[in-house]
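Thanks for asking me to look this one over. My notes follow as numbered points, with the cut-offs given as the terms come up.

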Amino acid sequence: MKMRHFKRYVAFILALILTVQVDIGITNAKEAEMHTTDKARDMYNMAVPIRFDGEDEYVNDQIPEANNITNIQLIDNTYNNSIYSVQEYYKAVSNHTVNIKTVYLTEGEEGFTSIKLNHSRGYYSPKTEDNPEGYTTEGELRKVELVRDWTAKLKEAIDNGATLKNIAGEEVDFAKLDSDGDQSIDSITLLFAPTDAKYAAEWNSPLWAYQSENYSLDIETSKGTLTSKRYYQASIQNAPLGIYKEAERDVFFFNTSTVVHEMGHIFGLLDLYSFSGNNMSVHYMSSMAKALSPVVQFMTSREREAAGWLNAGNITPITKAGTYTLPPVQDEKQTGTVAYTLELPNEKRLYLEYRYVDDQEINRFDFNGSKRELYNSLGNPVKSVGLNKSGLLICDVNMNRRFPSNSGGTPQLSAIGGQYSTKIDAPRGKGESITYGGYTISVTDLTKEKITFKVSGNGLEEEQQPEKPGNEGKPVTNGMTLLAPSGFGEELQLTATRGSEIQFLAQAEGKKFSDGDILWTVKGGTAADTKIDVETGLLKIGAYESPTSVLKVTGRSDEDSTKSITINIKVTLGTKTYAVTYLPGNDSVGEIESVQKIHDTKLRLKDALYIKNGFAQTGWSLSESGEKVYDLNSELNKNSSVILYPYWSKSTSNTITGFVTLQGRREYGQTLSANVQGVNSSDLTYQWIRQDKVVGTAQNYVLSADDVGHVLECQIQARDKEGRLNVTTKEPIGRAETVTILNVQVKNRIAENEISMTAQVKGVHSDNLVGMLSFYNGNDKLADEKVVNGCASYTWTGVKKGKYNIRAEYQPDDKVMGSVYKSSHASKYAEVIGVTSSPSVSPKPTVTPKPSIVLSKKSMVLDTVGTKTGKLTVRIVGQEQKATFKSSNSKIVSVDQNGNLTALKAGQVKISAAANGVKAYCDVVVKKASIKLVKTSLVLYIPQTTEYKLIANVSGASSKANFKSNNTSIVKVDAAGRLTVLKEGKTTIKASANGLTATCKVEVKKKSIALNLTTSTIYLKGKNSIQLKPVIAGPSKKVSYKSSNAKVARVNSKGKIVAVGKGTATITVRANDLEKKCKVTVLPAK
């Protein structure tokens, strides 16, 4: 996630903690390479129409322009009944493996009702003159309240007898909401009437359409308790011009773009646009980027594979140069190859699929919108947006993740080719070719039935040369990196309207951006006023530039002319735009970003994008270290290009700030690294926590077998700051990969043919895997063989002449190895030439196991007090079944012959276990146990207005302290050491870890202000004065003074009251959120 989203990120995490929500996690791409079944799964989506406090029931209101159907019928047409419905869409993209049936929660015995919430719509909207009850800055908290609001109301409705019904009024069992047997509700959809213009629904605001998770709703069913999980909310569109009608049926529906997109998140699919709204990497090639309207386009084959809707039989790797064919992607069920793949360096892969848009019978969702017959509810023809070019779509996919996402800035899925940012011309047509990643792909023929293309290049006929990695997703060519504008692919092309201004920024290899040695030129223009500033790179396209012009903008290093980059710009007619460019300046963290402002419109400037140690970004300046010109999120009105720098204010906070991300695959044996950026301290500590237990205390952490199936959290604290940063793995740690290697040998004999199969299984961290290998001919199982020493064999005899698809599938033995490895498979073709009798099964081969020994743990941490002992167990393969244990230093750790360990002093040793001539080792670290509190005494005050947290420095097997208060009626303490003050008194807080204890004495006093006046009214004459000397009890000694009437008496910041004129005034003294008042009466001098 980019730094510019830091504040949003922190606020969002707060919201997630309060609602026990978590974002959809991301897993390794290989987890998606699964086999799907041919049977379609009925998945029930519980739709809940809701209405806000003060709003009337609407679901049964009729819509005159749509043949008087009701709102609930309009919703059902959109979800279930229309040929373009959500049900039909996901039936098509899932290759007919998922059938979504939307049913409705209603409180009425007859008909349908909406669920009324506690708060009004305005309460969940920003505060304006028209909406005085809205929020100002606490939007995330209102978002949390909205979730709590509908959760509580759904619980109440269900407890009071609310039922599920389909549109026919038939009751549906709540148990059907769980179609996959995980005791979770598959999908919840919250629907509400359209939002009035005065109730803004900005990005990430409470009323915005979004998907998330909520585990707070439990429903008792005939099959047990179901718990809510994934949900999304959206508004219905029931305005006459927003309702559409099919051409051949009187079926009305509303625009499905939003609801289809959000339903994709329910299945785990992620956004293919960035947080800045940039869709250019994919745009109209997937509904998870820019959904077409009102009929949504298809998804890419990689997304469908990741969701489990296409299997290994549908996705075929290309391993040889040659000619290939593909059928078009269809909305009907497809068997066989739907897409081909080509391997790229750096765990990337090309996906090739045929998108055909010239016939609605092939795919109603991938169809040229200008040819589709569609009407609005007023009967007027509607020209819907659609794709306009058939051809071979090629996508570059990062395989590090199961579900690709472009929201983090660097695209993980990009549609390759095309001149338009919409990507509608990205598919390669007949006679077109593209060279990418060392491959050349040429389309030779294209019909309604298939596309034919040739593939050649690296990795096919000769060893593939690795490509040079990009510069954080920025285009790089000839030693030059293009920094702005953003959103380019490798072809470095864009489209711009004449009269517009575009800011170009680049950096030469080996140079700093601040060196500024790039010189810019432009060629190809026809208008005299088309020019570019040679030093700044600001291009101004002439107002009368020809709409057929193609401008060539070149940036070249002034010191090394071989380093250059050229961008082609196709000029079009349209509204001109201006470049607004954000630069971080020196000594700050963040990326350069450039956006376009449309002529005569207002552009809302961005929130804080950058981080600088000791400072907070509070605005925007026109120069580095210049004055603040614009506030964060303010509006830019002027029609001109502008470069903005962050305006910094000195940070006075003693709280740790920064941004933390996790790197590394979330699998057993992999290393996770907590990377902190922009942090305001260099004295950091790390704690890796699993189920409230600290399991690691370094910046890097190696995932153990005990971590599998659990979510891990990393907490970062600073010894010189308060607070902490934290990040979680979001989803449980997964199993490690295994690889099955299959060798097949055919023996053609006169009497009897044989196929010998030998499979070897390797794990990421061990080659001595155990389990079962199943051998198949197609889908027919031949035998199950036990895996010994990572291998198993089988010989199939009496095989008839023909070709056979031999497959070996490995299933690990979890009882022996623990649930730490995944299954895997491999397949090969075998051809038998001879003719023999019917097959028979040969005797199982005798396998002599190779001796091996495995310890239960590879590493262990002990200490000198609380955790002095440990135990190792062994798994032995071989004749000798008794292991011999030995310590490399028995003065640090001793070990007996049963594997029992005893720590004697601090240090590090290696414990060995030997049997049958082989050894295994465990690294043991013994830490000196200690615990020390940063504060040993505290004075706190009530009422409490700030949080205080005790920090314990712990060393030992466990690095987490347990806190306890001797008197919880005075001060309570939670597991993290946070103190809650309840009443006056004295108590002691104990912190314990590893058998040791440290204490902190806490005294709680009541905050107070005393003015020490003998009377309640002070009398002054003429210009006399008096000095107030209040006595303050509280955490702060800061005092403020204020006079209610400065024309009678003034008071300065030090409490000196001076008489000004005849009359009476009240002096208010404030400290620690308390105040005291006294009256001052000024009399005439005589």
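1. A word on pairing before the strands: two strands count as paired if DSSP finds at least two bridges between them. Helices (H or I, at least four residues) and strands (E, at least two) are DSSP runs, numbered from the N terminus. By that rule, β44 and β45 (residues 693-696) pair in the antiparallel sense over 3 bridges.

2. Please keep in mind that this is a predicted model, in which local features need pLDDT of at least 70 and side-chain atom pairs count only at pLDDT 80 or more, while totals for chains, interfaces and linings use all residues. Residues are numbered from 1 along each chain as its sequence is written, and side-chain values use heavy atoms, with hydrogens and water left out.

3. Staying with β44 (residues 684-690), 6 of its 7 residues are buried (buried means under 20% relative accessible area, exposed over 50%, partly exposed in between, with a 1.4 Å probe and protein chains only). R690 is worth a click: it stands opposite L712 in β47, and its bridge partner in β45 is K693. The hairpin of β44 and β45 has 2 residues between the strands, and Q691 takes a positive phi near 55° there.

4. Next, an open sheet of 4 strands runs in the order β27-β34-β33-β30, with mixed pairing. β27 (493-497) and β30 (518-523) are at the edges with a single partner strand each, so one side of each has no neighbour in the sheet. From one strand to the next the twist averages 25° (axes are lines fitted to C-alpha atoms, for helices over the stretch in contact, and angles run from 0 to 180 degrees between N-to-C directions). Within this sheet, β33 (residues 550-557) and β34 (residues 564-572) run antiparallel and are joined by 7 bridges; V550 has K570 as its bridge partner in β34.

5. Another open sheet has 3 strands in the order β59-β63-β62, with antiparallel pairing. Its edge strands are β59 (869-871) and β62 (893-895), each with a single partner, so one side of each is left without a neighbour in the sheet. β59 is joined by 3 bridges to β63 (residues 900-903), and K871 stands opposite N900 in β63.

6. Which residues of the largest nonpolar core touch the most other members? They are I75, Y89, Y90, M263, F267, M299 and W309, out of 73 residues. Helix α3 (residues 86-93) gives the most to this core, with 5 residues. Apart from it lies another core of 32 residues, including W150, L154, V172 and L207. Here, a nonpolar core is a set of buried Ala, Val, Leu, Ile, Met, Phe, Trp, Tyr and Cys residues joined through side-chain atoms within 4.5 Å.

7. Finally, is K223 buried or exposed? K223 is exposed, with a relative accessible area of 66%. You will find K223 in the loop between β10 (218-221) and β11 (224-227). The C-alpha atoms of K223 and A175 are separated by 6.0 Å, although the two residues are 48 residues apart along the chain.
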